[in-house]
Amino acid sequence: MSLKRKLVTLTIAEKVNIIRKKVLLLIDNCTAHNTKKKFNSIKIEFLPPNTTSQLQPMDQGIIQNFKILYRKEVIRKMVNDIDEGRSFSINLLQTMRMCYKAWENVEKNTIVNCFIKSGISTKEKEIKYTHLESDDGGSDWKLIVDHYKLEPEITFHTFTEIDTKIHTTGVLSDQDFVDAVQPTSKSDSDENEEDEYPLVVSTKEAKASLDKLRVFIEKTEGADEIFFKYLG
């Protein structure tokens, strides 16, 4: 087995050991991040208490950039559902795909700049990057505003900040533990979600879909040549 294929099946710690890299992992003091495990090539350092907003590179713009890119994917899904005459919904698989695409579109320069801003990087000059803070959502957001008749004060920026004050961690009560182990019955929405994405797609079905996609791209004016490269 090649080293590249072997790395796919390993944990991050195991990968670091194989490629002989030294990694410094910076973590804030969230209780969910507590770990006593020791690694050979990974050193874990916790940020001082109550300094996350100043020292955490992710809080200097990386998370915000990712959220904006993710919300733009949500808007595209909403517009597509409107065009198709469907009620809007997003299942877990679609959410994972949107998150993956959003993270892939976070620019390297954005990450570098946020490390500089936090004071962790030793580089003296900040790199120019597109933060997207002033992004208004474009024509897709305008379509959403018109379709759902949103109030003027609801902007794309407020949409990206809709979950800012939501608590993501906390102390569980006894009832929370009881509820977690209790069996739950499947709802109709769960069953519909499973039916939407079959677990198995045959080779014949996949090839037919690729052929249709190839024809669509060939007939689309101004299609990027990179699509033809991946379709073969």
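Start by selecting helices H4 and H5: H4 passes H5 in a right-handed crossing. Keep in mind that this is a predicted model.

**The H4–H5 pair.** Look along the two helices where they meet. Their axes lie 9 Å apart and form an angle of about 130 degrees.

**The contact residues.** Show side chains next. On H4, select Ile 62, Phe 66, Leu 69, Tyr 70, Glu 73, Val 74 and Lys 77. Their counterparts on H5 are Gln 94, Thr 95, Met 98, Cys 99, Lys 101, Ala 102 and Trp 103. Coloured by type, the residues of this contact divide into 9 nonpolar, 2 polar and 3 charged.

**The core.** Now turn to the largest nonpolar core, which has 14 residues. Select Val 74, Ile 75, Trp 141, Ile 144, Phe 156 and Phe 159, the members that touch the most others. At least two core residues come from each of H4 (62-84), H5 (92-104), H7 (138-148) and H8 (156-160). H4 gives the largest share, 7 residues.

**Ile 75.** Centre the view on this residue. Leaving aside residues up to four places away in sequence, Ile 75 touches Asp 140, Trp 141, Ile 144, Phe 156 and Phe 159.

**The whole chain.** Zoom out and switch to cartoon. The chain has 12 helices and 2 strands, in the order α-α-β-β-α-α-α-α-α-α-α-α-α-α from the N terminus. Colour by burial: 22% of the 232 residues count as buried. Of the contacts between residues at least 6 apart in sequence, 50% join residues at least 24 apart.

Definitions and conventions:
Residues are numbered from 1 along each chain as its sequence is written. This is a predicted model: local features need pLDDT of at least 70, side-chain atom pairs count only at pLDDT 80 or more; totals for chains, interfaces and linings use all residues. Side-chain values use heavy atoms; hydrogens and water are left out. A nonpolar core is a set of buried Ala, Val, Leu, Ile, Met, Phe, Trp, Tyr and Cys residues joined through side-chain atoms within 4.5 Å. Buried means under 20% relative accessible area, exposed over 50%, partly exposed in between (1.4 Å probe, protein chains only). Helices (H or I, at least four residues) and strands (E, at least two) are DSSP runs, numbered from the N terminus. Contact means heavy atoms within 4.5 Å. Axes are lines fitted to C-alpha atoms, for helices over the stretch in contact, and angles run from 0 to 180 degrees between N-to-C directions. A crossing is left-handed if the near helix is turned anticlockwise from the far one by less than a right angle, and right-handed if clockwise. Ala, Val, Leu, Ile, Met, Phe, Trp, Tyr, Cys and Pro count as nonpolar, Asp, Glu, Lys and Arg as charged, and the others, Gly among them, as polar.
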